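Please examine the structure shown below and keep it in view while reading.

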Amino acid sequence: MARPVPLCYNSRPPAMAKIIDVTVPLSRDVPVYPGDPAFSLEPSHLITEGQPYNLARIALGTQTGTHVDAPYHFLADGATVDQLPLEILLGKARVVDLPGRDRVDRADLESVDLRDDLRVLFKTRMAGQMLRPEFQADYVYFTEDAATYLVQAGIKLVGFDYLSFEKPGSAEFPAHHALLSAGVIIVEGLDLSEVDPGEYDLYCLPLRIAGADGAPARVLLRSRL
């Protein structure tokens, strides 16, 4: 006769991975880069007005909120957002904290060992500022030399916690050109305010808009157990 299996009262359920949504909600309060289209949501059908369902019309720019830059954003013959490789948009990512800076230089990045990384998200003093409706003109930016270093380090996706990676007021956009001309995908407008430095699984899915220079994206981080 088989013996009963004893119950183990000290056993614990397996740890659950934590999912962090680092996407900024799209609303009329989302900040936009000066000159870009503002977000709007206007109802076209309302149940309260006798319609059988609710339906709304949205208007927004391709660079609104949490969004992905495709090479076509700055390169006339660059890949469009619907052509971006999913294998780069999904996978292990590292969150690096660079506090207390007004800009990020090559030296700042050289102090961080990026040799084993393909996807890096940078948390700066701008963390949480995407939740404020007013555009922050003094945002942290990356120098051209810093962008070139990321390309040389083999990074394939770069994330940032404000609307632009570029120096405010730049007319040449050298950081964008350095990254996008090398095929590096840029993700801007992340909300990393509740994210600790470390490794995560990244899920970044921009809207599949044919021929677009970029698109809003839903971006999630999953803790690695």
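Predicted model: local features only at pLDDT ≥ 70, side-chain atom pairs only at ≥ 80, totals over all residues.

Residues are numbered from 1 along each chain as its sequence is written, and side-chain values use heavy atoms, with hydrogens and water left out.

Leu179 belongs to the largest nonpolar core, which has 34 residues. A nonpolar core is a set of buried Ala, Val, Leu, Ile, Met, Phe, Trp, Tyr and Cys residues joined through side-chain atoms within 4.5 Å; buried means under 20% relative accessible area, exposed over 50%, and partly exposed in between, with a 1.4 Å probe and protein chains only. Leu109, Phe122, Phe142, Leu150, Val158, Phe165 and Leu179 touch the most other members. At least two residues of this core come from each of strand S7 (119-123), strand S8 (141-142), helix H3 (144-152), S9 and H4; helices (H or I, at least four residues) and strands (E, at least two) are DSSP runs numbered from the N terminus. Apart from this core lies another, of 25 residues, including Val22, Val68, Ala70 and Leu84. In soluble globular proteins, nonpolar side chains tend to be buried together.

Aromatic rings come next. The whole structure contains nine aromatic pairs, where rings of Phe, Tyr and Trp (its six-membered ring) pair if their centres lie within 6.5 Å, and planes under 30 degrees apart count as stacked, over 60 as edge-to-face and the rest as tilted. Tyr33 and Phe135 have ring centres 5.3 Å apart and planes at 75°, so this pair is edge-to-face. The two residues lie 102 residues apart, Tyr33 in the loop between strand S1 (19-21) and strand S2 (40-45), and Phe135 in the loop between S7 and S8. Tyr33 is partly exposed, because its relative accessibility is 24%. In contrast to this pair, the rings of Phe142 and Phe165 have centres 4.2 Å apart and planes at 15°, so they are stacked. Both Phe142 and Phe165 are buried.

Phe173, in the loop between strand S9 (157-160) and helix H4 (174-180), has a positive phi of about 55° although it is not a glycine. Most residues other than glycine have a negative phi.
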